[in-house]
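Reader: I would like to walk through a model with you. Where should we start?
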Number of protein chains: 2
Amino acid sequence: MNNSSDVTIAVDVMGADNGTVAFIAGIVQAMKRASCAAHQVKLVGDRDQIQSAISKQKADKWLCDVEIVHADQEISMTDKPMFALKNKKNSSMFRAIELVKDGQADGMLSCGNTGCLMAGGTLKLRTMPGIDRPALCTMIPSPNHQFALIDVGANPSSTAINLVHNAILGAHYYTTVMGVKYPRVGLLSIGTEEGKGSDLTCEAHRLLKLCQGDINYLGPIEGFQLFEENIDVVVCDGFVGNILLKSIESMAKTVKHYIKRQIMKNPLRILGAILAQGAFRDIKRQLNPDRFSGAPFLGLNGVVIKSHGSSTADGISSALELAIKSAHASKDGALSSLIERINITINQAQTE
Amino acid sequence: MNNSSDVTIAVDVMGADNGTVAFIAGIVQAMKRASCAAHQVKLVGDRDQIQSAISKQKADKWLCDVEIVHADQEISMTDKPMFALKNKKNSSMFRAIELVKDGQADGMLSCGNTGCLMAGGTLKLRTMPGIDRPALCTMIPSPNHQFALIDVGANPSSTAINLVHNAILGAHYYTTVMGVKYPRVGLLSIGTEEGKGSDLTCEAHRLLKLCQGDINYLGPIEGFQLFEENIDVVVCDGFVGNILLKSIESMAKTVKHYIKRQIMKNPLRILGAILAQGAFRDIKRQLNPDRFSGAPFLGLNGVVIKSHGSSTADGISSALELAIKSAHASKDGALSSLIERINITINQAQTE
């Protein structure tokens, strides 16, 4: 890989539930992978804490030429965006965003407060030309497949045009992460026939049909189609997406613990589970949310990736890999021209 | 049980995916239970088909004094409500609703076309005084608990007052089915702090707080709280609820098949699963959707229960039991007075 394709990611190392040491462990894990090793990271946060974490991890070898950007403030999980923007200007999160803004990094990664990350990202980087509102996108693993859900909470009061933009951004992201060229896009609704759904989804459907030359739009889809493996990008507003994401995460966790509890009830069941452990291992690997732990705010002038506050080293490592892929993809201008072309199509249709 | 507490349920036996024979098997199964045996059913549909199904089931003993109400039309799953209302006046579904309207039955049960059932129920029975729109409610099983989700699709464009009514109707229903006196009610949103959520949920939250003397309203809840077993009634609009219900049903089905496929991959895993089969049996029993297979349209002047088109005999039997419980509960006037009282509270607050 030549230098021109190398990217630099600013990593806000503060605010992880498991602490800075675990966070650095995730970064080290990523840097050991061939796909990451050629790239640069800048660790943003308290210099002493970072240096001590690097020593504890015996990670000097992997992070020997890493740059530490000192930031003496930290945004807490309970800080309100307006408060943070006013009072925590030198926080690790905002410093990392500014490195992207100033061209000193090609993207940033944080597992801190989502509301502050969204506010800071939007205010400092601004939305891409032609995009009104950013959208938070996440990949959801399912057996043999995975789909992108967009938006999962950035914009709870979407317009139909916001939903069209979600479709473009989500499809571009899916291509970036999964390498699938024309991902299948569906609009999440409550019926697939013309005229079914809310006013918002009906209008978004009308507009999306105009863009079928540019997006592989399959039409409205219903909740039961999510896990059927024939949709790659599921488009919805941030209210529906947020509820849906948290509900299915919660259901997955609850059922997992429940199965475990039922199995631990007697020695025969435990023995059975040991014999069948290969199955459980395969299931865990395929459905492990850490495989896709980073969620990007799409539609900004720069790559901003949110990682779970409780991410494991595996999760942080996946999120960093994702930031690198996204930073690469952001360098080609294909997305900007697509947005411009689709906005022209929509404007023409609306003035006709 | 004396005669005054007996109820009569009109059962639309047409339109089940598994055919009339399977449907009748479910009814017979219910009639064998002590909780159902004292009550009456009227089977509504094609007389010949019903009689032949009864003979095939050797069910004469259990259905000896059953009344068959002949209806020569059947509503298909693809019929549009307007078309059905105009052209299928003598359909089994509409005849069963009319039996409720005319006081010849205390409730009705159908596993036919949901849209037609909703349209027929609303048009023929009308909404209860003080209620603008009916809501479709369903019970969702979770480990050690179950919650009611209301609305799952009857009213996709709810107002804040509709959501307050959903809370009252859902809480009353939960008490009817589960025997819990002051069920804990939560408003599904995307944040629990004041001011978070959509305009709709913020306004509904303001109104629901006024009703806390009458409803055990705990405030807004997020998706991750659904399966945490501390909420009994989850209130949302029909758009969000429909997407959520179908998504979690689909996820449950997909994961179940996936686990089975992984286990069947080799003999060691199969042996393990056989040893641990007690755990799988317990899980299946607890999370079996057939336990709560009927979903009532609440807020109508009469009991209308929708059962899954693909219901098994177990599912139909649960749905009939539910119809009987609901018909009982509808006989006391407590719900009507509660609605009246809460509407006065809300009107006063809005004119102040």
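**Reading the interface and the backbone**

Author: Start with the interface. Chain A and chain B bury about 4400 Å² between them, and 73% of that area is on carbon and sulfur atoms. Keep in mind that this is a predicted model.

Reader: How many residues does each chain bring to the contact?

Author: Chain A gives 49 residues, and chain B gives 49 residues.

Reader: What does the predictor say about the complex as a whole?

Author: It gives an ipTM of 0.88 and a pTM of 0.90.

Reader: And where is confidence lowest and highest in chain A?

Author: The general idea comes before the case. Where pLDDT is low, predicted coordinates should not be read in detail. Chain A averages a pLDDT of 89, and 97% of its residues score at least 70. The lowest confidence in chain A is in helix α2 (residues 34–37), at a mean of 72. The highest is in strand β9 (residues 233–235) of chain A, at 98.

Reader: How do I read the span of helix α9 of chain B?

Author: Compare the end-to-end distance with the expected one. Helix α9 (residues 238–263) of chain B has 26 residues. From first C-alpha to last it reaches 37 Å, close to the 38 Å expected at 1.5 Å a residue. Look at its start too. There, a side-chain oxygen of D237(B) comes to within 2.8 Å of the backbone nitrogen of F239(B).

Reader: Which backbone geometry deserves a check?

Author: Most residues other than glycine have a negative phi, and most peptide bonds are trans. Now the cases here. The peptide bond from I150(A) to D151(A) is cis, with omega near 15°. D151(A) sits in the loop between β6 (145–150) and α7 (160–178) of chain A. In chain B, the bond from I150(B) to D151(B) is cis, with omega near 15°. D151(B) is in the loop between β6 (145–150) and α7 (160–178) of chain B.

Reader: What is phi at R126(A), and where does this residue lie?

Author: Phi of R126(A) is near 65°, a positive value in a residue other than glycine. R126(A) lies in the loop between α6 (114–125) and β5 (135–142) of chain A.

Key:
Residues numbered from 1 in each chain as written. Chains lettered and ligands numbered in written order. Predicted model: local features only at pLDDT ≥ 70, side-chain atom pairs only at ≥ 80, totals over all residues. Heavy atoms only, no water. Contact = heavy atoms within 4.5 Å. Buried area = accessible area lost by both parts, 1.4 Å probe. pLDDT = per-residue confidence, 0-100. Helix = DSSP H or I, 4+ residues; strand = E, 2+ residues; numbered from the N terminus. Expected span 1.5 Å × (residues − 1). Polar contact = N/O pair within 3.5 Å; in protein donor to acceptor, adjacent residues only side chain to side chain.
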